[in-house]
Amino acid sequence: MTQRDALPSLGDGLPVVAIDVGGTTMKVSGVGPTGAMTAPRRVPSPPPGPGSADEVVRIATDLVREESERLGVSPAGLGIALPGVVVEDQALGVYSENLEWHDVDFRAAFAQTLDIPVAVAHDVRAAGAAETRLGAAQGASTALVLAIGTGIATSVQVDGRLHVGRGYAGEIGHAVVEPGGEPCVCGNRGCLEATASAGAIRRRYERDAGTQVDGAKEVLALAAAGDPVAVAVRDSAFDALALGLSHAVTLLVPDVVVIAGGLSEAGDALLVPLAERLERLVRYGPVPPLVRAHLGEDAGLVGAALAARDALAPTGAAQTSR
Ligand SMILES: [Zn+2]
């Protein structure tokens with residue numbers, strides 16, 4: 001991102017360490033007793049394969065020790081956001097496509113290496129919790145945070161509770177919006193993310209135009225300049241996003257929808273046409289405002305920090321529902 005808000009303060013509380021595990025990078029930040037977060041550091045994620053979960057635990061354990069030195073105090077807990085399918089209250093990494101693990105009990109694994117409580121979070125839900133508690137959806141009771149990047153996924157907060165759905169809630173990227181349409185990584189056809197993710201926008205443009213582009217951002221710029229192939233790809237992607245979102249909005253009636261992920265950097269070039277389409281599709285109930293995420297690429301890290309703090313002070317914490 002070219003411009004980003006500073007990491008928010010979590011307020012007074014116990015010092016903790018937050019880690020966000022991505023497919024290629026692990027990010028870490030320490031949270032001091034005043035709630036200030038240290039500037040995020042990045043280290044490479046382990047390669048995919050059978051040993052990846054053990055490696056994540058080993059690297060995270062080292063990072064906790066290093067952050068303890070940076071903070072000058074011993075952290076009271078660790079919050080770690082994981083990719084894929086995650087069941088938070090069981091600390092279970094059900095499945096990660098990027099890192100290729102299945103059914104990993106992270107609580108048991110960390111019990112071998114750390115003597116502080118470890119809160120396991122899901123990357124998209126953690127980012128959503130950060131936006132609803134400290135970012136663009138602050139104060140909302142029911143909110144959707146739609147992350148549009150390589151894939152598409154949503155965090156779903158209903159009446160103040162994050163919905164987990166046995167680890168599968170919010171995977172709107174794999175809801176079919178065009179039966180028989182573009183092939184998806186999940187094996188289905190016509191999934192929302194096969195048409196409208198940042199990755200799909202680039203892929204579809206390159207296929208239809210026969211030229212390489214830098215990413216979805218360049219496709220949107222070409223569309224704004226009148227390139228007819230880019231216009232067609234952009235408009236079909238926005239149509240699909242609005243259709244998928246219209247069903248979620250009609251079902252859940254969110255107070256606000258936060259647009260996050262790499263494509264949200266397009267700002268009004270995405271938000272305005274998406275809001276217009278949503279207005280046309282949702283005629284029965286209220287249409288929520290669409291707003292851009294505030295916390296950017298660090299939202300997952302902030303969410304991991306919140307999870308660590310919540311685990312240490314469960315009475316005041318936002319709850320999750322399965
Ligand atoms: Zn799919």
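User: Which residue ranges does the domain assignment give for domain 1 and domain 2?
Analyst: The model is predicted, and its division into domains comes from a domain assignment. Domain 2 is one range, 140-293. Domain 1 is written as two ranges, 16-128 + 297-321.

User: How many Å separate the centres of domain 1 and domain 2?
Analyst: The centres are taken over C-alpha atoms. The contact itself takes 14 residues from domain 2 and eleven residues from domain 1. The distance between the two centres is 27 Å.

User: How much area do domain 1 and domain 2 bury between them?
Analyst: The size of an interface is often given as the accessible area lost when the parts come together. For domain 1 and domain 2, carbon and sulfur atoms carry 55% of that area. The buried area is about 1300 Å².

User: Which elements each supply at least two residues of the side of domain 1 that touches domain 2?
Analyst: By class, this side of domain 1 has five nonpolar, four polar and two charged residues. The elements that each supply at least two residues there are β5 (85-87), α3 (123-134) and β14 (320-321).

User: Is H122 buried or exposed?
Analyst: H122 is found in strand β8, residues 118-122. Leaving aside neighbours within four places in sequence, H122 is in contact with L82, G84, V86 and E88. The relative accessible area of H122 is 3%, and the cut-off for buried is under 20%. H122 is therefore buried.

User: How far apart in space are V176 and A240, C-alpha to C-alpha?
Analyst: V176 sits in the loop between β11 (161-163) and α4 (192-196), and V176 is partly exposed at 38% relative accessible area. Not counting residues up to four places away in sequence, V176 touches N188, R189, G190 and C191. V176 and A240 are 64 residues apart in sequence, and their distance in space is 9.4 Å.

User: What is the distance in space between A6 and R65, C-alpha to C-alpha?
Analyst: A6 belongs to the segment before β1 (16-21). With 66% relative accessibility, A6 counts as exposed. A6 and R65 are 59 residues apart in sequence, and C-alpha to C-alpha they are separated in space by 24 Å.

User: What is the phi of D103?
Analyst: Most residues other than glycine have a negative phi. D103 is in strand β7, residues 101-105, and is exposed with a relative accessible area of 56%. D103 is not a glycine, yet its phi is positive, at about 50°.

User: Where does V253 lie?
Analyst: V253 has a positive phi of about 50° although it is not a glycine. V253 is partly exposed, with a relative accessible area of 41%. Its place is the loop between α7 (228-252) and β12 (256-260).

User: What is the distance between the closest N and O atoms of E55 and R58?
Analyst: E55 and R58 are three residues apart in helix α1 (residues 52-71), so about one helical turn separates them. Both count as partly exposed, E55 at 29% relative accessibility and R58 at 42%. E55 forms a salt bridge with R58, and the closest N and O atoms are apart by 2.9 Å.

User: How many residues apart in sequence are the parts that R204 and E182 tie together?
Analyst: R204 forms a salt bridge with E182, with the closest N and O atoms 3.5 Å apart. R204 lies in helix α5 (residues 198-209) and E182 in the loop between β11 and α4, so the pair ties together parts whose separation in sequence is 22 residues.

User: Which residues are linked with R41 in a network of salt bridges?
Analyst: The count for the model comes to 16 salt bridges. One of them joins the side chains of R202 and E206, at 3.2 Å from N to O. The network containing R41 also links E66, E67 and R70.

How values were computed:
Residues are numbered from 1 along each chain as its sequence is written. This is a predicted model: local features need pLDDT of at least 70, side-chain atom pairs count only at pLDDT 80 or more; totals for chains, interfaces and linings use all residues. Side-chain values use heavy atoms; hydrogens and water are left out. Domain bounds come from an automatic or database domain assignment. Contact means heavy atoms within 4.5 Å. Buried area is the accessible area (1.4 Å probe) that two parts lose on being put together, summed over both. Helices (H or I, at least four residues) and strands (E, at least two) are DSSP runs, numbered from the N terminus. Ala, Val, Leu, Ile, Met, Phe, Trp, Tyr, Cys and Pro count as nonpolar, Asp, Glu, Lys and Arg as charged, and the others, Gly among them, as polar. Buried means under 20% relative accessible area, exposed over 50%, partly exposed in between (1.4 Å probe, protein chains only). A salt bridge is a side-chain nitrogen of Lys or Arg within 4 Å of a carboxyl oxygen of Asp or Glu.
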